[in-house]
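Hi there,

Here is the structure I promised to pass on. Could you open it alongside this email while you read?

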Amino acid sequence: MRRRPGLSARMKLALSYAGFLFVAGALLLAVVWAFLLRYVPDNSQGLLGISPNRYLLVHTFAPAAAVAMAFLLVFGLVGGWLLAGRMLAPLTRITEAARTAGKGSLSHRIRMEGRQDEFRELSDAFDSMLEQLESHVAEQQRFAANASHELRTPLAISRALLDLARQDPAQDRAAIIERLHSVNTRAIDLTEALLLLSRGERGTFTRESVDLSLLAEEAAETLLPLAEQRRITLDVTGGTAVTCGSAELLLRMVTNLVQNAIVHNLPADGTVTVHTGAYGDTSVLRVENTGRPLPPDLLPTLTEPFQRGTERVRTDEHAGVGLGLAIVHSVVRAHDGTLGLSPRPTGGLVVTVRLPAAP
């Protein structure tokens, strides 16, 4: 944005200092005139015949007052310029850091020394913003690279199958078509998951009153055949837990949690428990499942995109696209909530979602 040239903040402060100093001097002279000189007689004899009269005092005092006022003006300008430069030096460093960040270098930090004041608070806030922005940009770059890789894989497989069918007409076309259908379905699922994740990150949705207990029952009913196929007991307990948000996104969040709990479970005879409840101004959804013990260093990576938790037990047919918990984390953040992951002592995982209760 182009702006018309104007005075710098340093010059404005210097002129302000000089102006205040000049006005203070003028007021002092006015006080001297009002409370001193007006009581001096204005006659040829002066005061008691020995003091100079008002005329002589004014003509003697006026040149000295003018010199003093000029000195105050110059002193105010010079002193104000130096003081303003010293005070605005931290702001110059912050401006240089902002320009450096604007050129794409987010690793630069101000790290201003000195005691706490307004400029140090601004510097610390700017450093914190740069740190978060750098982390967010790095996360987006990793996400874009992973998404490109994940999308390239089914496309490459589809091209290979088509080349095979074109080069060798004797191949079983039905088998090739079935494999193409499977690959394309996976690509569509991945694309829909990416779009849903992006929607959750933007937070652009209409908010309404949503009961998490009803969503839990709906998700359990939908996934019950999968649980029965794997011989896993699926229970929904608790009471109403009303929050404010998107019913579609929250249903996907609950569905992903329940599906993950079923897929990443014991090979058979496992359990999944979904519990909902309201605690003060917080609505809580907790999904607990059995399974093998989880390494502590695996938990922080489960909510990252395309991290499928390779050390967790799952079947190949439900391997997913690696965005299940990433979508959950995105939806929770978009609804101003928190997501907690903790391992069960006997194996498995406990996922706790806390959302603000609806007013």
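First, the ground rules. This is a predicted model, in which local features need pLDDT of at least 70 and side-chain atom pairs count only at pLDDT 80 or more, while totals for chains, interfaces and linings use all residues. Residues are numbered from 1 along each chain as its sequence is written, and side-chain values use heavy atoms, with hydrogens and water left out.

**The whole chain**

The protein chain has seven helices and seven strands; these are DSSP runs numbered from the N terminus, with helices being H or I of at least four residues and strands E of at least two. Reading from the N terminus, the order is α-α-α-α-β-α-β-β-α-β-β-α-β-β. Of the 359 residues, 34% are buried, where buried means under 20% relative accessible area, exposed means over 50%, and partly exposed is in between (1.4 Å probe, protein chains only). The accessible surface comes to about 22,100 Å², and carbon and sulfur atoms account for 58% of that (Shrake-Rupley method, 1.4 Å probe; for residues, only the protein chains shown count as cover). Taking contacts between residues at least 6 apart in sequence, 69% join residues at least 24 apart; contact means heavy atoms within 4.5 Å.

**H6 and H7**

Two packed helices are described by the angle between their axes and the distance between the axes. For H6 (residues 247-263) and H7, the axes come within 9 Å and cross at roughly 145 degrees. The axes are lines fitted to C-alpha atoms, for helices over the stretch in contact, and angles run from 0 to 180 degrees between N-to-C directions. The crossing of H6 and H7 is left-handed, meaning that the near helix is turned anticlockwise from the far one by less than a right angle (clockwise would be right-handed).

On the H6 side the contact is made by Leu249, Leu250, Arg252, Met253, Asn256, Leu257 and Asn260, and on the H7 side by Gly324, Leu325, Ile327, Val328, Val331 and Val332. By type, these residues are nine nonpolar, three polar and one charged (nonpolar: Ala, Val, Leu, Ile, Met, Phe, Trp, Tyr, Cys and Pro; charged: Asp, Glu, Lys and Arg; polar: the others, Gly among them).

H7 is mostly covered, with eight of its eleven residues buried. Those buried residues are Leu325, Ala326, Ile327, Val328, Ser330, Val331, Val332 and Ala334.

Thr290 sits in the loop between strand S5 (282-289) and helix H7 (324-334), and it counts as buried because its relative accessibility is 13%. Its side chain makes a polar contact with the side chain of Asn265 at 2.6 Å. A polar contact here is a pair of N or O atoms within 3.5 Å; within protein, one must be able to donate a hydrogen and the other to accept it, and residues adjacent in sequence count only if both atoms are side-chain atoms. A polar atom of the Thr290 side chain also lies 3.0 Å from the backbone nitrogen of Thr271. Leaving out residues up to four places away in sequence, Thr290 touches several others, including His264, Leu266, Gly270, Arg344 and Gly347.

Ala241 belongs to the loop between strand S2 (232-238) and strand S3 (242-245), and counts as buried because its relative accessibility is 0%. Its C-alpha atom is 6.6 Å from that of Val284, 43 residues apart along the chain. With residues up to four places away in sequence not counted, the residues that Ala241 touches include Val210, Asp211, Thr276, Ser283 and Val284.

**Loops worth a click**

Both Arg230 and Arg231 lie in the loop between H5 and S2. Arg230 is buried at 9% relative accessible area, whereas Arg231 counts as exposed at 54% relative accessibility. A polar atom of the Arg230 side chain lies 3.1 Å from the backbone oxygen of Ile262. Arg231 has a positive phi near 55 degrees, in a residue other than glycine.

Asp336 also has a positive phi, near 60 degrees. It lies in the loop between H7 and strand S6 (338-343), and counts as exposed at 57% relative accessibility.

Cheers, and happy browsing!
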